[in-house]
Amino acid sequence: MPENSAIAPTSSHPDRHPGACILVLNRLLPNPLPKWPFFLINAINILAIFIAIVAALLLGYYPKHFMDEGQPLTFLSTAELLFISLLCGMIFARRKAQYRAKSFWRSPAFIWVLLSVGFLFLACDELFSIHEGLDRTIHYQLDIDRTDLTDRLDDLILVAYLAVFFLAVYWGRKELKCYRQLLPLFQSGIALTGAMIFFDALSHTTDIITSPVLYEWLNALEDSLKLIAVGLLLSLAYYCLQVAKLPVSNVRDRENLSPKNGKES
């Protein structure tokens, strides 16, 4: 068997096509990286969402009952955001030694400190509903009457969070280019985050969605997308750490992880 068979195994049945899930996974992840963490993280989240909705319906609650603040799925998403923060800190600790900057904040790897702090803040926001509280504070301090429009102020705050995240990513683009082979996974997580914000705005009040049943299910969909997006970003942080651990000295070596190069090696 060729030495590179562990990286790009060939099937003994060349006419057999892989399933749709495998094709999607191969698109999201470079070949040499293990697939099981991605499966495990996202299987746990999807199973948790399924159990939460079924349990809520069986107990006579609305579908997103166990996804509300203080409920089990909130604690799960908070824990995953904390893990992302921890992984970003571990990536910084490994990468800063590979740069020779006089101070750590001037190092290209400092982006991982910013991301670590950012995800720590998001974990606190998830647990303590910071942006919802900020929404109420703005209404109170500015003496704004609550309307269907102003009630969506917290959605604008989420958009602001996303804008700050993109600014940080742009600022740290030199370092993040080392992980460009994981771009599809990053894009998927951001797309789900955008969809979550959209459905949150759509189902925030009943002025657009007038059907009570549809309103409750859209709320459940919004929280489900949030947990799945967090799971994808947790997978991304884990794989970035694996890339950071590689004994390579430059970006080109890291790009050998790309699916194309993995198949040709």
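This is a predicted model: local features need pLDDT of at least 70, side-chain atom pairs count only at pLDDT 80 or more; totals for chains, interfaces and linings use all residues.
Start with a charged pair: Lys 64 and Asp 223 join their side chains in a salt bridge, with N and O 2.8 Å apart. (Salt bridge here means a Lys or Arg side-chain nitrogen within 4 Å of a carboxyl oxygen of Asp or Glu.) The two partners come from distant parts of the chain, 159 residues apart: Lys 64 sits in the loop between helix 2 (36-58) and helix 3 (72-95), while Asp 223 belongs to helix 9 (residues 212-244).

Numbering runs from 1 along each chain as its sequence is written, and side-chain values use heavy atoms, with hydrogens and water left out.

**The charged pairs**

Lys 64 has another partner, since the salt-bridge rule also picks up its pairing with Asp 68, at 3.2 Å from N to O. Then there's Arg 95, whose salt bridge with Glu 175 brings the closest N and O atoms to 2.8 Å. Arg 95 is in helix 3 and Glu 175 in helix 7 (residues 173-176), so this pair ties together parts that lie 80 residues apart in sequence. In total, the count is five salt bridges.

| Residue | Relative accessible area | Class |
|---|---|---|
| Cys 178 | 2% | buried |
| Ser 129 | 14% | buried |
| Cys 124 | 29% | partly exposed |
| Tyr 61 | 40% | partly exposed |
| Ala 97 | 65% | exposed |

**The nonpolar cores**

Which residues touch the most other members of the largest nonpolar core? They are Ile 84, Trp 112, Tyr 179 and Leu 182, in a core of 39 residues. A core in this sense is a set of buried Ala, Val, Leu, Ile, Met, Phe, Trp, Tyr and Cys residues joined through side-chain atoms within 4.5 Å. Helices 2, 3, 4 (111-128), 6 (153-171), 8 (183-202) and 9 each put in at least two residues, and helix 9 gives the largest share, eleven residues.

Leaving aside residues up to four places away in sequence, Tyr 179 touches Ile 91, Arg 95, Trp 112, Cys 240, Val 243 and Ala 244, where contact means heavy atoms within 4.5 Å. There is also a second, separate core of ten residues, including Ile 197, Phe 199, Tyr 215 and Leu 218.

As for cysteines, the disulfide count is zero, a disulfide being a pair of cysteine sulfur atoms within 2.5 Å.

**Surface and loops**

Leu 47, Phe 50, Ile 51, Val 54, Leu 58, Leu 59, Tyr 61 and Tyr 62 make a nonpolar surface patch of about 840 Å². Patch members have over 30% relative accessible area and no salt bridge; like charges are joined within 9 Å and nonpolar side chains (Val, Leu, Ile, Met, Phe, Trp, Tyr) within 5 Å. Areas come from the Shrake-Rupley method with a 1.4 Å probe, and for residues only the protein chains shown count as cover.

The C-alpha atoms of Ala 97 and Ser 107 are 9.7 Å apart, with ten residues separating the pair along the chain. Ser 129, in the loop between helix 4 and helix 5 (130-141), isn't a glycine, yet has a positive phi of about 55 degrees.

**The whole chain**

The protein chain has eleven helices and zero strands. Of its 265 residues, 44% are buried. Among contacts between residues at least 6 apart in sequence, 71% join residues at least 24 apart. The accessible surface comes to about 15,300 Å², and 67% of it belongs to carbon and sulfur atoms.

Definitions and conventions:
Helices (H or I, at least four residues) and strands (E, at least two) are DSSP runs, numbered from the N terminus. Buried means under 20% relative accessible area, exposed over 50%, partly exposed in between (1.4 Å probe, protein chains only).
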